[in-house]
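Have the viewer open as you read.

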Amino acid sequence: MNQSENLPETQLEICFSSLRAVVPRAPGAIQRGRRDFLAQASALAAPVSKPENQRHTGWIASFVNTLTTKEYSPMYTTIASFILVLALMFGGSGAAVLAAQDSLPNQSLYQVKTFTEDLALRSTFRNEHRIQMELDYAGRRVTEMTRLREMQQAIPESAYRRLEKHLDQALLIAARSGAEEMVRSLNQIRERLQNQNALLSPDLDHDPLMIRIREMIQTRISWAELGLDDPLEFQQQAQVRTQFNQQAQFEHQYGHGPGPDLDPEPGVGGFGPGPQEPESNNPECQAENCDPAAQDHFGPGQEVEEKHQYGPGPENQSEQGSQNPDPGQPAPGGNNPEPSPGSNQDQETGHNGQDSSSNPESSQGSGSNKGNGATP
Amino acid sequence: MDQNQEKLLRQAKELNLQALAEIYDTYSTGLYGYALRLLGDPAIAEDCVAETFSRFLKTLHAGKGPKEHLKAYLYRIAHNWIADLYRRSPQQSLSLEESPELAHAVRVEEQVDRRILAGQLRSALFQLTPDQRQVIMLVFIEGWRQAEVAAALGKPVGAVKSLQHRALKSLRKHLVLSEGEVQYEPVRKLARDTT
């Protein structure tokens with residue numbers, strides 16, 4: 001038998017009886033307790049209106065009370081879980097976006113940065129703001145490339161293309177605006193680009209890429225000036241250029257295959273330091289009697305190319321054309337960092353190789369573009 | 001529930017001071033004894049009573065509160081308060097030296113024995129689960145019927161019986177085995193004296 005069962009009921013009862021007898025409560029304590037209790041009841045029973053300054057903000061205290069209450073309803077738990085999940089999801093993404101803002105084109109977070117920029121551009125509908133953003137982002141691209149160059153690192157082609165895209169988009173939006181707004185926008189673009197050009201580090205003037213960027217900016221300044229001088233002509237050329245870009249994009253997607261991947265590797269191609277690919281390395285030019293310009297529909301020097309340029313005007317033609325009389329050939333000099341004309345990069349961007357030589361304005365006879373009609 | 005208590009509760013929900021005073025006068029002394037038996041300290045037992053009625057008032061003011069079984073409701077508040085107190089500081093209320101319940105004992109020797117025994121029982125009670133402890137206290141110390149205890153615990157009478165059975169078994173075990181033969185001696189001695 002268990003020892004605990006040896007404890008008989010009588011003895012258990014004795015144990016209980018030892019607790020039953022208690023000292024009677026002191027009468028003073030009873031009176032005091034009763035008085036306190038009734039005072040508390042009176043305070044609660046009295047109708048108390050909130051002070052004037054709390055009448056409209058009482059919901060805050062009520063909300064805080066709800067949050068700090070000891071017992072939560074299942075609904076609060078569900079809502080709290082939902083908020084927590086959202087915070088983890090978007091908080092993490094937000095941190096990634098924040099961290100990406102200082103990334104450079106050769107870093108993994110750069111894709112996040114450009115994605116957020118594209119998203120911001122897509123969600124902006126006012127032309128004025130859109131132009132402003134395009135110019136801001138163009139400034140970022142220049143800064144990024146300058147930083148990369150200062151760090152002696154290769155610059156991906158995509159960064160350069162993106163800069164070009166921002167500038168062209170800004171001009172295109174300006175061209176599509178009304179007359180008054182277009183003038184204002186072009187003035188703004190010209191001013192921003194002139195500032196940008198002035199801010200380019202003179203220490204890097206010997207660098208082919210910096211030369212190329214400077215030329216690109218100067219070209220766009222001249223286009224903006226064209227728009228200010230002759231808005232109709234500017235708009236026509238912009239329209240032609242848009243159509244051509246669409247066609248190029250269509251052919252890139254459905255007609256012409258992507259071709260060999262010419263994305264430059266750091267230190268090998270592109271704008272990075274390292275050996276330059278000779279023109280003959282272009283796989284499309286391996287055939288007999290290959291003319292790089294003739295091979296490519298979008299290459300410089302062809303009719304198509306010449307028709308879709310924002311040329312600065314006939315007066316520049318003789319001056320610039322004299323620097324490179326052969327518009328179908330790339331600019332001379334070993335510093336030409338561009339892929340060969342007619343590369344897929346040109347097809348992708350649809351820029352017709354206008355910037356695909358070290359001096360696009362001089363090598364392509366941009367002055368003649370204006371006079372050659374605008375039919376794509 | 002009789003109509004008087006129903007009326008009393010309705011008036012209490014309206015914070016009628018007369019009804020509230022009646023409730024306090026009716027139940028505060030019993031609650032004090034209940035707290036004192038479990039805690040062994042008059043000051044803490046007073047705190048328990050004050051806090052019990054304060055919580056009761058707040059519940060009424062919030063438009064809630066019991067629809068019936070007012071006594072059971074008040075004892076449940078007190079029991080929860082004691083359980084919380086013991087959880088926070090388990091050693092606080094088990095001092096034998098401060099036990100006041102022996103003032104009525106006639107002989108000094110018996111007074112000492114009862115003091116020791118009360119301490120042992122209190123220790124054993126706090127080894128039980130809160131529900132078991134409340135069943136033992138209400139049935140065997142306060143003398144409640146099982147139906148009333150069931151109302152206080154919000155459980156069926158069958159569940160209370162089951163709780164009582166397990167509580168007694170556990171209590172015997174704690175009183176005999178965990179305390180040892182030496183400390184069991186006062187029980188036998190008191191039993192001998194009683195018989």
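Start with chain B of this predicted model: it has 9 helices and 0 strands. Read from the N terminus, its elements simply go α-α-α-α-α-α-α-α-α. The chain has 195 residues, and 41% of them count as buried. As for how the chain folds back on itself, take the contacts in chain B between residues at least 6 apart in sequence: 59% of those join residues at least 24 apart.

Now zoom in on helix H7 of chain B, which covers residues 146-153. Buried residues here are B:Val149, B:Ala150, B:Ala151, B:Ala152 and B:Leu153. Just after H7(B) comes B:Gly154, and this glycine takes a positive phi of about 70 degrees.

Over to chain A, and a pair of helices. Two packed helices are described by the angle between their axes and the distance between the axes. How do helix H7 and helix H9 of chain A cross? H7(A) spans residues 157-176 and H9(A) spans residues 208-229; their axes come within 11 Å and cross at roughly 5 degrees. Angles under 35 degrees count as roughly parallel, so that is how H7(A) and H9(A) lie to each other.

Which residues make the contact? From H7(A) come A:Glu164, A:Leu167, A:Leu171, A:Ala174 and A:Ala175, while H9(A) brings A:Met216, A:Arg220, A:Trp223, A:Ala224 and A:Gly227.

Methods:
Residues numbered from 1 in each chain as written. Chains lettered and ligands numbered in written order. Predicted model: local features only at pLDDT ≥ 70, side-chain atom pairs only at ≥ 80, totals over all residues. Axes fitted to C-alpha atoms, helices over the stretch in contact; angles between N-to-C directions. Helix = DSSP H or I, 4+ residues; strand = E, 2+ residues; numbered from the N terminus. Parallel < 35°, antiparallel > 145°, perpendicular 65-115°, else oblique. Contact = placed C-beta atoms within 7 Å. Buried ≥ 20, exposed ≤ 12 C-beta atoms within 10 Å, placed from the backbone.
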